[in-house]
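Here is a short report on one protein model. Please look over the sequence and the structure before reading on.

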Amino acid sequence: MSLQAHWDDRYENNPASKLSWYQEQSPEVEFVNESVGKGTPIIDIGGGLSPFVDQLVDLGFTNLTVLDVSSFALAEGQKRIPGKQVEWIHSDIRTWQPERMYGLWHDRAVFHFLTEEADQVSYWGKAKDTLVPGGFIVIGCFSENGPEQCSGLPVARHSTGDLVAAMGDEFEVLESARRIHRTPSGGEQEFSWVIAQRI
Ligand SMILES: C[S@@+](CC[C@H](N)C(=O)[O-])C[C@H]1O[C@@H](n2cnc3c(N)ncnc32)[C@H](O)[C@@H]1O
């Protein structure tokens, strides 16, 4: 099964609120709202059905992009937010060729699916090349104590220190923390979260 087929199947055949990564609200929106202007180009990597973009639309943000390998998730997003308020990019982050710069890069629970080192290196290269100086990255992935799989796929787990080291000298770290996500079935998943600014 292709990666797209895997994710389309997950979204099409499960109620959104039962998916292990489901959350009703994106707490990261608070940082975004306090830190960047309403016209800042913001991209949500692997946004899926996340409420991140909906909350930003409600707050008046106007330059929003969601990238995902699942065309089903993107189509659902377009139904929720019709018109041209959001750009929907159907792509695999591993092969995506960015065509513009962004002021904020958000990734919740996507980077950990990149299990090959070459894909991880390419990811950080894209984040660096795509963020304007002063732009922010807000990233959360399974920590070293997190689950070994997500959605039936293997993951690479990272401590906050791993993420900071991988970002390299081009980022100034503003916040790093481990946080617990409570799944709809009552489980606990430990995430590493880092917020950093492109120098
Ligand atoms: C665990 S879900 C997280 C979704 C969303 N970020 C959230 O917090 O609700 C992972 C998402 O990443 C997408 N995804 C997985 N691998 C991807 C890849 N290589 N390129 C782009 N999107 C990917 C999936 O389709 C899915 O929407």
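## Helix H1

Contact here means heavy atoms within 4.5 Å. The model is predicted. In helix H1 (residues 3-12), the buried residues are His6, Trp7, Asp8 and Tyr11. These buried residues of H1 pack against H4 and strand E7 (153-154).

An α-helix has 3.6 residues a turn, so residues three or four places apart point the same way.

## Confidence

The protein has a mean pLDDT of 98. A value of 70 or more is reached by 100% of its residues. Strand E1 (residues 42-45) has the highest confidence, at 99. Strand E6 (residues 149-150) has the lowest, at a mean of 96.

## Helix H3

Helix H3 covers residues 52-59. Six of its eight residues are buried, so H3 is largely enclosed by the rest of the structure. The buried residues are Phe52, Val53, Asp54, Gln55, Leu56 and Val57.

What do the buried residues of H3 pack against? Two helices take part: H2 (28-35) and H4 (71-80). The strands are E1, E2 (64-68), E3 (86-90) and E4 (102-108). After H3 comes glycine 60. Its phi is positive, near 100°.

## The largest pocket

The largest pocket holds about 640 Å³ of space. Its lining is made of 35 residues. Nearest its centre lie Trp7, Gly46, Ala109, Val110 and Phe113. Elements giving two or more residues to this lining are H1, E1, E2, E4 and E7.

H1 supplies the largest share of the lining, three residues. By type, the lining of the largest pocket divides into 20 nonpolar, eight polar and seven charged residues.

## The second largest pocket

The second largest pocket has a volume of about 320 Å³. It is lined by 18 residues. Closest to its centre are Gln23, Pro27, Glu28, Arg179 and Trp193. H2, strand E8 (171-182) and strand E9 (188-198) each give two or more residues to the lining.

Which element gives the most to the lining of the second largest pocket? E8 does, with seven residues. The lining of the second largest pocket divides into nine nonpolar, three polar and six charged residues.

Methods
Residues are numbered from 1 along each chain as its sequence is written. This is a predicted model: local features need pLDDT of at least 70, side-chain atom pairs count only at pLDDT 80 or more; totals for chains, interfaces and linings use all residues. Side-chain values use heavy atoms; hydrogens and water are left out. pLDDT is the predictor's confidence in each residue, from 0 to 100. Helices (H or I, at least four residues) and strands (E, at least two) are DSSP runs, numbered from the N terminus. Buried means under 20% relative accessible area, exposed over 50%, partly exposed in between (1.4 Å probe, protein chains only). On a 1 Å grid over the protein atoms alone, a cavity is a set of points where a 1.4 Å probe fits but cannot get out, and a pocket is an open set with protein on both sides within 12 Å along at least five of seven lines; lining residues have an atom within 4 Å of a point. Grid points are joined across faces, edges and corners, and a volume is the space filled by probe spheres set on the points. Ala, Val, Leu, Ile, Met, Phe, Trp, Tyr, Cys and Pro count as nonpolar, Asp, Glu, Lys and Arg as charged, and the others, Gly among them, as polar.
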